[in-house]
Amino acid sequence: MKKIAIVTGASGGMGQVFVRELAKEPLDEIWIVGRNEKRLLALREEYGERVVSVCRNLTQNADLLSFADLLEEQKPSVLWLVNNAGIAKMAPSAEFTFSEIEQTINLNCKAPLFLINVCIPYMERGAKILNISSSSAFQPVPHINLYAATKAFERSYSRALNAELKPGGITVTAVCPGWVDTDMLSKEMNGKKVRFPGIVSPEKVVRKALKDAKKGRDMSICSFYVKCQHLNVKLMPQRLTMKIWLHGIKDYL
């Protein structure tokens, strides 16, 4: 039975770093999942035949079901599942179209849960699931409300699922970074350069996430800045937290 890792959103940002780091693990294959076939094939060329390109749109039910069929056909041992694919948009909630709401919830919430459920039967003791949440999951966040709410869902689900699966030796880790220096971040808004306090490299987030998963932790926080943020939101009223956030982004609205 071949031993594999599965990485969604593998064609950019943290996904590529996860592929690079997991390539160091004793795995037979790394299944890279994404919509951009050209980028997926470029990763395969970079890392060789161990990387298997799986072109799927995870917001579509048909593609999710076909992925389940692929697992049933191959019957691998899934050692790592990294749910990294996600959508983020900064805008007032009322500006979101129905399609944007649906796409965000489908990719950030439904797809990870579906993939977890179809992968669990192929996991043994020692397997690990990483769900890429966010520090925005710690508290309500106006103007990235939809994204933050989906990440709060992911964080809560991950930690509870970790408790459920722990007796079987499967670890579930919610990865909760702050600002990560990837192409997902808009470097300019309304003609102004955006400041990102505590921004870190994707490499730092990924390496800490893998280390924490191996330690069996249900949450991974990669920087001192985010650790302080996590503590602050426990101690401060959420209304005050939101007020501070709104003051910090007022120049970009």
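1. In this predicted model, α3 and helix α4 (residues 98–119) pack at an angle of about 20°, with 10 Å between their axes. Angles under 35 degrees count as roughly parallel, and α3 and α4 are therefore described as roughly parallel to each other. The crossing in which α3 passes α4 is right-handed.

2. The contact between these two helices is made by Asn61, Leu64, Leu65, Phe67, Ala68 and Leu71 on the α3 side, which meet Lys110, Ala111, Phe114, Leu115, Val118 and Cys119 on the α4 side. Sorted by class, the contact of α3 with α4 has 10 nonpolar residues, one polar and one charged.

3. The sheet is open and has seven strands, which pair in the parallel sense and follow the order β3-β2-β1-β4-β5-β6-β9. Because β3 (51–55) and β9 (219–220) stand at the edges with a single partner strand each, one side of each is left without a neighbour in the sheet.

4. Helix α1 packs on it and touches β1 (3–8), β2 (29–34), β3, β4 (77–83) and β5 (128–132), with a direction that makes about 165° with that of β1. Helix α3 (residues 61–74) also packs on the sheet, touching β1, β2, β3 and β4, and its direction makes about 165° with that of β2.

5. Strand β5 deserves a separate look, since five of its five residues are buried. Both of its faces are covered, with Lys128, Leu130 and Ile132 buried on one side and Ile129 and Asn131 buried on the other. β5 pairs with β4 in the parallel sense over four bridges, and Asn131 in β5 is the bridge partner of Asn83.

6. The remaining helix pair is α1 (residues 14–22) with α6 (residues 202–214), whose axes come within 9 Å and cross at roughly 50°; α1 and α6 are therefore oblique to each other. Their crossing is right-handed. Met14, Val17, Phe18, Arg20, Glu21 and Leu22 in α1 meet Pro202, Glu203, Val205, Val206, Arg207, Ala209 and Leu210 in α6, and by class this contact has nine nonpolar, no polar and four charged residues.

Definitions and conventions:
Residues numbered from 1 in each chain as written. Predicted model: local features only at pLDDT ≥ 70, side-chain atom pairs only at ≥ 80, totals over all residues. Heavy atoms only, no water. Axes fitted to C-alpha atoms, helices over the stretch in contact; angles between N-to-C directions. Parallel < 35°, antiparallel > 145°, perpendicular 65-115°, else oblique. Left-handed = near helix turned anticlockwise from the far one by under 90°. Contact = heavy atoms within 4.5 Å. Nonpolar A, V, L, I, M, F, W, Y, C, P; charged D, E, K, R; others polar. Pairing = 2+ DSSP bridges. Buried < 20%, exposed > 50% of the residue type's maximum accessible area, 1.4 Å probe, protein only.
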